[in-house]
Amino acid sequence: MYTRLSKVVLVWAVAFFALLVVFNNVTDYESNYTIVAHVLKMDTTFPGNTGMWRAIEAPWAHHLVYGLIILIEAIIAALCCFGGFYLFKARHNLALFNRSKRFAISGLTLGILLWFTGIIAIGGEWFLMWQSQVANGQQAAFRLVMILAAILIYVVLPDDDRNA
């Protein structure tokens with residue numbers, strides 16, 4: 001039972017984290033919007049780099065991308081919240097617990113996709129965020145990806161009566 005409960009708590013911890021991120025992004029919109037705008041405008045990358053043709057200058061596009069990021073973070077929070085709830089509800093039934101992982105797995109996977117594909121790959125490589133001293137969220141994104149990956153691996157491991 002302790003292993004199942006630890007999986008529940010870790011999934012809820014991710015839900016809590018994602019909720020805090022959404023809360024901060026909504027209540028202090030300008031702070032992180034500024035980062036997103038810098039990344040998309042590429043105005044803090046190395047001067048004269050040849051990738052500047054990728055820059056997006058339109059403020060409406062910056063708001064759209066930032067809104068999409070916040071929406072995905074909210075979906076991650078909801079999936080992990082529901083995932084933890086269904087796992088908690090099924091904690092006494094081994095077979096049901098193993099079948100109840102889909103929301104948790106979906107939320108954790110979506111988190112990895114957002115912070116790896118969205119921030120590290122698209123932001124970091126396409127928009128050359130790695131060149132910026134001002135708007136570089138790759139280290140933070142990498143930490144999140146590693147944490148989420150570790151929790152995802154742990155949650156996906158099948159539970160049996162030996163770790164009950």
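## Fold and confidence

Read from the N terminus, the elements of the chain follow the order α-α-α-α-α-α, that is, six helices and zero strands, where helices (H or I, at least four residues) and strands (E, at least two) are DSSP runs numbered from the N terminus. The model is predicted, with local features requiring pLDDT of at least 70 and side-chain atom pairs counted only at pLDDT 80 or more, whereas totals for chains, interfaces and linings use all residues. Residues are numbered from 1 along each chain as its sequence is written, and side-chain values use heavy atoms, with hydrogens and water left out.

The pLDDT, the predictor's confidence in each residue from 0 to 100, averages 95 over the chain, and 98% of the residues score at least 70.

| Helix | Mean pLDDT |
|---|---|
| α4 (residues 94-99), lowest | 91 |
| α3, highest | 98 |

Along the principal axes, the C-alpha atoms of the chain fill a box of roughly 60 × 25 × 20 Å. Of the 164 residues, 40% are buried, a class defined by under 20% relative accessible area, with exposed meaning over 50% and partly exposed in between (1.4 Å probe, protein chains only).

## The largest pocket

A pocket is here an open set of points, on a 1 Å grid over the protein atoms alone, where a 1.4 Å probe fits, with protein on both sides within 12 Å along at least five of seven lines; lining residues have an atom within 4 Å of a point. The largest pocket holds about 810 Å³ of space, and of its 32 lining residues, Val36, Ile69, Trp115, Gly118 and Ile119 are the closest to its centre. Two or more lining residues come from each of α1 (2-27), α2 (29-41), α3 (59-89), α5 and α6 (138-156), with α5 giving the largest share, nine residues.

Just after α2, Met42 takes a positive phi of about 60°.

Ala121 lies in helix α5 (residues 102-126) and counts as partly exposed because its relative accessibility is 31%. The C-alpha atoms of Ala121 and Thr109, 12 residues apart along the chain, are separated by 16 Å.

Technical notes. Points joined across faces, edges and corners; volume = space filled by probe spheres on them.
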